[in-house]
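The questions below go through a sheet and the ligand site.

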Amino acid sequence: MNYKKFFSDELISLKSQGLYRKFRAINRNKTSFPKATERFEGNEREVEVWCSNDYLNLSQHPEVTKTSVQVINELGTGSGGTRNISGTSTYHVDLEQLLADLHRKEAALLFPSAYTANQSTLWTLCKNLEGVEVFSDELNHASLIQGIKNANVECHVFRHNDTEHLEELLKTANANTPKIIVFESLYSMEGLRSPLQKIIELAKRYDALTYLDEVHSVGLYGPEGRGITAEKGLEEDIDIINGTLSKSFGQMGGYVAANSDIIDYIRSFAPGFIFTSSMNPSIAAASITSIKIAMQSEHLRDNIRHNSDRIRSGLRDLEIPFLENDSHIIPIHLYDPRLCKGAANLLIEKHGIYIQPVFHPTVPKGDERFRVTITPRHEASDIDHFLNALDDVWKSMDLKRAEPTQAEKKAVSRIY
Ligand SMILES: Cc1ncc(COP(=O)(O)O)c(C=O)c1O
């Protein structure tokens, strides 16, 4: 086989569809965020970031960075191994306890990322629960899908947030087999919540385990930022909660929280936990500081809510179509990768606004969009600048102002 030709042909095809991704090298300035410095064609230019998942900006909080540096100075950088072999520091143990408390669960287990946590936990459950049938929301994140797919078990995909469809599928399942319902509390690309209560009722009726990804909700919703499950008072009814340290908490790593037997089982059997080095102790320590700050930061959550509403109101006034929701994620659909890329280029080149176009495979082909997120460091003047820049780009490119028709929305094929 001509391997070189295979890879280069695939890339040519990707480029011809307008789906080739380019990364922008952006250094987010600690003192002046959302300002950042982009290295561009050998030079530097100042940009303003409008797509960060460092939602509360805790990665740059002075107490968090101080903890990180302190622990590096005390313990060094790397962890020294897997959790089994010299990679468990007091910081890892204390962080797991804090995460368990955060979700009102008996225990928690750290992974290098929420991606690995999802993939490895679901794979382990699916491989070992004999005859298991999985029920998975069609917009579930790739990490959830990979965990299920790799285990090669029976998986029923239910229409996004459609509990009637979920129940239809549950009815067809063998009453005696184990079942897992896999879903998210807040969908990352749409910013829409799931019908938690209803899904829990179905799980109870059909004796299914519930596996919930709270990656985009933890830190931002519920009392002390304990997530949407906590906001609804449903912690006891969700069997396994997955979360990340890399978004609201501004660090890196992921985890699952559940009862102590489930966690001990995953700890003992999940390859993605057992066979990989643990996170650096400084990251675990900084996560502890960060979570404690997040728990006390209702004012930051209020700020995000207020400013997200302000952006939505501005978009409505400008008649720039976006997906209505009540979350911190504001999707502006362009339904075309080239338009999306063109608008993103114009925004950065003319206005210094950095917003990454979102393409396949993150979203289905034809459903390309911007995913706007704001942090407490964005000021009112930044919002005005952002809205004016969007307005100008919409004018320059003659982009659609009105909502897409139902037919246009339906034309978007769901690949998951
Ligand atoms: C819904 C969802 N789950 C899991 C992940 C993975 O998180 P991490 O970056 O910690 O691997 C992401 C990443 O964006 C996500 O959007």
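**Sheet and ligand site**

In β3, E38 has R45 as its bridge partner. The model is predicted, with local features needing pLDDT of at least 70 and side-chain atom pairs pLDDT 80 or more, while totals for chains, interfaces and linings use all residues. Residues are numbered from 1 along each chain as its sequence is written, and side-chain values use heavy atoms, without hydrogens and water.

Q: How many bridges join β2 to β3?
A: Strands are DSSP runs of E with at least two residues, and helices are runs of H or I with at least four, numbered from the N terminus. Strand β2 covers residues 35–40, β3 covers residues 43–49, and the two run antiparallel. The number of bridges joining them is 6.

Q: Which helix gives the most to the shell around the ligand?
A: The ligand is surrounded by 15 residues, each with a heavy atom within 4 Å of it. The largest contribution is 3 residues, and it comes from helix α4 (residues 114–128).

Q: What is the distance from a polar side-chain atom of H216 to an oxygen atom of the ligand?
A: A polar contact is a pair of N or O atoms within 3.5 Å. H216 is among the closest residues to the ligand. The distance for H216 is 2.6 Å.

Conventions. Pairing = 2+ DSSP bridges. Polar contact = N/O pair within 3.5 Å; in protein donor to acceptor, adjacent residues only side chain to side chain.
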